[in-house]
Amino acid sequence: MSRRLLSLASELTTNRRQFILSGACLAVTPWMGTLAQGAIQRKPRFAADPFQLGVTSGDPGPDGMVLWTRLAPAPLEEAGGMAPETVEVTWEIASDENMRRVVKKGTTLATPQLGHSVHVEVEGLRPNRWYWYRFTAGDARSPIGRTRTTPLPEALPEQMRFAFASCQHFEAGLYTAYEHMAREPLDLILFLGDYIYEGPQRRNGVRQHVGPETTTLEHYRTRYALYRCDPHLRAAHALCPWVVVWDDHEVDNNYAGDISEQKDVSPEELLLRRADAYQAFYEHMPLRRTSLPQGPDMKLYRRVNYGRLAEFSMLDTRQYRTDQPNGDGRKPLTGEVLSPKGTLLGHRQESWLMANLLASTSTWNVLGQQVMMARADRIPGEEALYAMDGWSGYEVARKRLLRFLAQRRVPNPVVLTGDIHTNWVNDLKVDFDRSEDPTVATEFVGTSISSGGNGTRTPKNLDNLLAENPFVRFHNAERGYVSCTLTPDAWRTDYQVVEYVDKPGAPLVTRASFVLEQGRPGAKPA
C-alpha cells in the first residue's frame with residue numbers, strides 16, 4: 001500500500017472515531033431527543049398487557065422523583081411487540097395506596113425512539129412523604145407502585161433504611177433475594193451494577209437467556225425485558241425509589257472507557273456498541289433527563305441527599321477509566337499500577353466528587369460505586385497479587401481519594417461496593433502497607449443477587465485471607481443483599497443471605513451485622 005493510501009486510511013479512522021466521540025453517531029442510532037412523527041395513539045387497544053415489565057421510581061428529591069414504565073405487550077419480541085407509533089400515557093400519583101386521593105396527574109408520550117419507555121419527572125410534592133402511582137395507556141392500566149420524597153435539605157430525620165445489591169445474572173440463579181428484600185420496610189434501594197449480563201444463552205444455567213450475546217440496541221432491549229419479567233425483581237422495583245449505576249456487564253465484561261477486553265475489537269466498534277447499551281440502560285431505568293445519552297456518552301454520576309442524614313454520591317467507574325494496567329487479571333503492584341495517569345473516575349468526575357464532599361453538611365457521606373476499594377491480596381502464600389480491574393489497579397488514584405478524605409476530615413465516609421460476588425467489610429487506609437495507620441473510611445461490599453450460583457458460607461483459604469489482610473473484618477461468599485439502617489448517631493449494616501439460588505424457597509438469614517458510630521471510623525460487630 002502506498003504512503004498516500006496509508007495516510008488516507010489513518011485519516012478516515014481518526015475522523016470516524018471523532019465522529020463517534022462527538023455524539024454524532026446518533027445519526028446511526030435512534031435519535032433520542034426527537035419525538036416520532038405522525039399521529040399520536042391516544043386510546044390504543046392492546047392484545048396483551050403492555051405493563052409486563054412493571055413500574056418503578058428513582059432519583060428522589062424533596063419535591064418529587066422519576067416515575068418509570070415501558071410499554072411492552074410482547075416483551076421478548078422485537079420492539080416489545082409495539083408498532084413504531086407514539087402512544088399517549090397517563091400517569092397519576094396519590095397520597096394513599098388505593099389511589100383515591102390523587103395529588104398529581106398528567107400525560108406523557110411513549111415514543112418508539114426510546115423503546116416506548118416512560119420517564120416522568122414529578123415535581124411539587126411534599127417532602128419526606130410516601131406516595132403511590134400508576135400509569136394508563138389506552139385500555140390498559142399498570143400495577144401500583146410505591147415511592148417517596150426525601151426530607152428537606154436542612155432536615156435531620158431520625159432514621160432511614162435502605163438496601164443495596166448488584167450482579168443479578170439471570171441464568172446463574174433465581175432472584176430469591178429480591179423476594180425477601182421486597183418485604184423489608186425500605187426507604188431506598190441502591191443498585192451498584194451488573195443489572196444484566198451480556199453473554200449468549202448457555203445450556204447449563206438455572207434459567208436461560210434469550211438470543212445471542214448483546215451487541216445491538218434490540219439485543220440489549222430484549223435482555224433488559226427478560227430480566228424485568230422476573231416477578232421478584234418487579235416487586236422490589238415497585239417497593240420504593242431506586243438509585244442505579246452500572247458496572248461492566250451492561251456493556252461488555254471488563255471494558256474500560258473505549259477499550260474492549262477483546263483485543264481484536266477497535267475503540268470505534270466498542271463505542272458503537274456502548275451507544276446502544278447506554279441507550280437501553282436509560283430506557284429501562286428510572287433516570288432523569290440529565291442522564292439522557294448522547295451517543296456513546298452518558299452522565300450517570302450524580303448526588304442524592306436524604307436531608308442532612310446522608311448524602312449518596314453515585315459514581316461511574318467504567319466510562320472514564322484508563323485501561324486496566326499490566327494486562328488486567330491479578331498482578332503485583334508494579335509497573336502501570338503506579339502510574340499517576342491511571343484513573344477510575346476521570347478528572348472531571350473526581351473533581352466533582354471532591355467538591356461535593358467538601359461542601360457536604362450530611363452526617364453520613366456515602367460513595368455508591370462498583371469495584372472494591374480495599375487493597376486485598378486474595379492469593380494465599382508469600383506472593384501478593386491484586387485485582388487490576390478494581391481500585392487496586394489504580395494505586396495513585398486510590399491514595400489520592402483516601403488521602404483527601406483523611407486530610408479534609410470528611411465526616412463519616414462510607415463506601416458501598418458490588419462487583420465481586422462476595423461480602424466484605426473493610427477498614428480503608430491511605431497506606432495498606434501500614435496496618436497501624438488510622439482507618440479513614442469503612443467499605444461495605446455486597447455479594448451478588450445470583451451471579452456465581454449457589455455460594456458458600458466459608459470460602460476457601462478464608463483464614464489465610466484474613467491473616468494477610470488485617471483490615472478485613474468480614475468475608476463471605478453466599479448470595480443476597482445488604483440492608484442498612486441510619487440514624488444521626490449510628491449506622492447498622494446487616495448482611496442478608498440466601499443459602500441457595502438454584503431452586504425457589506431459600507429462607508433469609510442475617511449472616512452478620514456491623515455498626516459504625518458517628519465520628520468513629522471502623523466497623524464493629526453488632
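# Questions about a predicted model

Visitor: Which residue has its backbone nitrogen 3.0 Å from a polar atom of the side chain of Ser 260?

Guide: This is a predicted model, in which local features need pLDDT of at least 70 and side-chain atom pairs count only at pLDDT 80 or more, while totals for chains, interfaces and linings use all residues. Residues are numbered from 1 along each chain as its sequence is written, and side-chain values use heavy atoms, with hydrogens and water left out. A polar contact is a pair of N or O atoms within 3.5 Å; within protein, one must be able to donate a hydrogen and the other to accept it, and residues adjacent in sequence count only if both atoms are side-chain atoms. The backbone nitrogen that lies 3.0 Å from the polar side-chain atom of Ser 260 belongs to Gln 262.

Visitor: Is Ser 260 buried or exposed?

Guide: Ser 260 lies in the loop between strand S12 (242-244) and H5, where helices (H or I, at least four residues) and strands (E, at least two) are DSSP runs, numbered from the N terminus. Buried means under 20% relative accessible area, exposed over 50%, and partly exposed in between, with a 1.4 Å probe and protein chains only. Because the relative accessibility of Ser 260 is 6%, this residue counts as buried.

Visitor: Which backbone oxygen does the side chain of Arg 273 reach at 2.7 Å?

Guide: Arg 273 has its place in helix H5 (residues 267-283), and with a relative accessible area of 11% this arginine is buried. Contact means heavy atoms within 4.5 Å, and, not counting residues up to four places away in sequence, Arg 273 touches several residues, including Glu 198, Glu 213, Tyr 220 and Asp 252. At 2.7 Å, the side chain of Arg 273 reaches the backbone oxygen of Thr 214.

Visitor: How many disulfides does the structure hold?

Guide: A disulfide is a pair of cysteine sulfur atoms within 2.5 Å. The number of disulfides in the structure is 0.

Visitor: Which strands are the edge strands of the open sheet of 7 strands?

Guide: Two strands pair if DSSP finds at least two bridges between them, and here the 7 strands stand in the order S13-S14-S16-S18-S20-S19-S21, with mixed pairing. An edge strand of this sheet pairs on one side only, which is the case for strand S13 (302-306) and strand S21 (472-476). The twist from one strand to the next averages 20°. The edge strands are therefore S13 and S21.

Visitor: Which residue in S20 is the bridge partner of Asp 427?

Guide: Strand S19 (residues 423-428) and strand S20 (residues 441-445) run antiparallel and are joined by 5 bridges. In S20, the bridge partner of Asp 427 is Thr 442.

Visitor: At what angle do H6 and helix H7 (residues 395-407) pack?

Guide: Axes are lines fitted to C-alpha atoms, for helices over the stretch in contact, and angles run from 0 to 180 degrees between N-to-C directions. Angles under 35 degrees count as roughly parallel, over 145 as roughly antiparallel, 65 to 115 as roughly perpendicular and the rest as oblique. The axes of H6 and H7 are 11 Å apart, and the helices pack at an angle of about 10°. H6 is roughly parallel to H7 because the angle is about 10°.

Visitor: Which residue in S11 stands opposite Phe 164?

Guide: Strand S10 (residues 160-165) is mostly covered, since 5 of its 6 residues are buried. S10 pairs with strand S22 (residues 479-486) in the antiparallel sense over 5 bridges, and with strand S11 (residues 188-191) in the parallel sense over 4 bridges. Phe 164 stands opposite Val 482 in S22, while in S11 Phe 164 stands opposite Leu 190.

Visitor: What value is phi of Arg 409 near?

Guide: Most residues other than glycine have a negative phi. Arg 409 is found in the loop between H7 and strand S18 (413-417), and at 73% relative accessibility this arginine counts as exposed. Its phi is a positive value in a residue other than glycine, near 55°.
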